[in-house]
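Hi everyone, thanks for coming.

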Amino acid sequence: MGFLDRLEKGIEGAVNGVFARAFKGDVQPVEIAARLQKELDAEAKLLSRDRKLVPNEFIVGLSQHDYDRLTPYGKKLTGEIVPELRSHAESMGYVFNGPIMLHFELVPELPTGRFTVESQAVARVDGDKAPVSQSRSRMVIEVNGVRHPLVPPGLVIGRGTDADLRINDPGISRRHAEIKVTGLGFDLDYEIVDLGSTNGITVDGKKVRQAVLHEGTRIEIGSTRMLVHAPAGRS
């Protein structure tokens, strides 16, 4: 039984065949698995005669429709795909710098049935510490327990209907602030800018008009608190 046959059987078994019913005509989990295997092959970097370094962190970009359908099964998908990627890597002499991490991210401009894959190699400092990226990981902004991906060109936060991230807080203006995201791939820069709001913005305890955002940055707008971070795993 080949890689894709084993994977498809495993995925269907894990969720009692729900994928065959729910995803017909949309992005198929087995398509994602096949694309990740190709990503390993395409990005393999020679370490020695018999060993090649491959990415171990992957971001799968999905349309709104596919994101809504797939992400409830994110943990099950990861649990089926990751062992197959390890098996393929072992057969090809590939080496991972750290644990395999698979993230699903909303890319609103993608049409239904299409998806993108980005990857990078992530190394651990030692066995007890969290992974440290060779470049930079994608950030999210977490509001009231919900993560919103920060992707170019960014998003507008506000109380009005035209805000990208709408928050029902009387202390927030209709168009309160904008988070600007620039760059390509994993190498992105993040900045928040006040859009002339009534109550302003507070970043890491200081009132500012604009500020660069990093891992762990805390933002307060009105009575709402937000956290910018790169989660270890997304689903």
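This is a predicted model: local features need pLDDT of at least 70, side-chain atom pairs count only at pLDDT 80 or more; totals for chains, interfaces and linings use all residues.

Residues are numbered from 1 along each chain as its sequence is written, and side-chain values use heavy atoms, with hydrogens and water left out.

So, the overall view. The chain holds five helices and 19 strands; these are DSSP runs numbered from the N terminus, with helices being H or I of at least four residues and strands E of at least two. Of its 235 residues, 45% are buried. Buried means under 20% relative accessible area, exposed means over 50%, and partly exposed lies in between, using a 1.4 Å probe and protein chains only. Among contacts (heavy atoms within 4.5 Å) that link residues at least 6 apart in sequence, 60% join residues at least 24 apart.

Now the helices. Helix 5 covers residues 74-92, and its 19 residues reach 26 Å from first C-alpha to last, close to the 27 Å expected. That expected span is 1.5 Å times one less than the number of residues. Helix 3, residues 29-43, has 15 residues and reaches 21 Å, close to the expected 21 Å.

How do helix 3 and helix 5 pack? Their angle is about 35 degrees and their axes are 10 Å apart. Axes here are lines fitted to C-alpha atoms, for helices over the stretch in contact, and angles run from 0 to 180 degrees between N-to-C directions. On the helix 5 side, the residues in contact are Leu77, Ile81, Leu85 and His88, and each of these is on the list of buried residues of helix 5. An α-helix has 3.6 residues a turn, so residues three or four places apart point the same way. From helix 3, the partners include Ile32, Leu36 and Leu40, which are buried too.

On to the cores. A nonpolar core is a set of buried Ala, Val, Leu, Ile, Met, Phe, Trp, Tyr and Cys residues joined through side-chain atoms within 4.5 Å. The largest one has 23 residues, and those with the most contacts inside it include Ile141, Leu150 and Ile219. Strands supplying at least two residues each include strand 9 (140-143), strand 13 (177-184) and strand 14 (187-194).

Finally, some backbone details. Most residues other than glycine have a negative phi, and most peptide bonds are trans. Pro152 and Pro153 are joined by a cis peptide bond, with omega about 0 degrees, and Pro153 sits in the loop between strand 10 (146-149) and strand 11. Asp204 has a positive phi, near 50 degrees. It lies in the loop between strand 15 and strand 16 (206-208) and is partly exposed at 48% relative accessible area.
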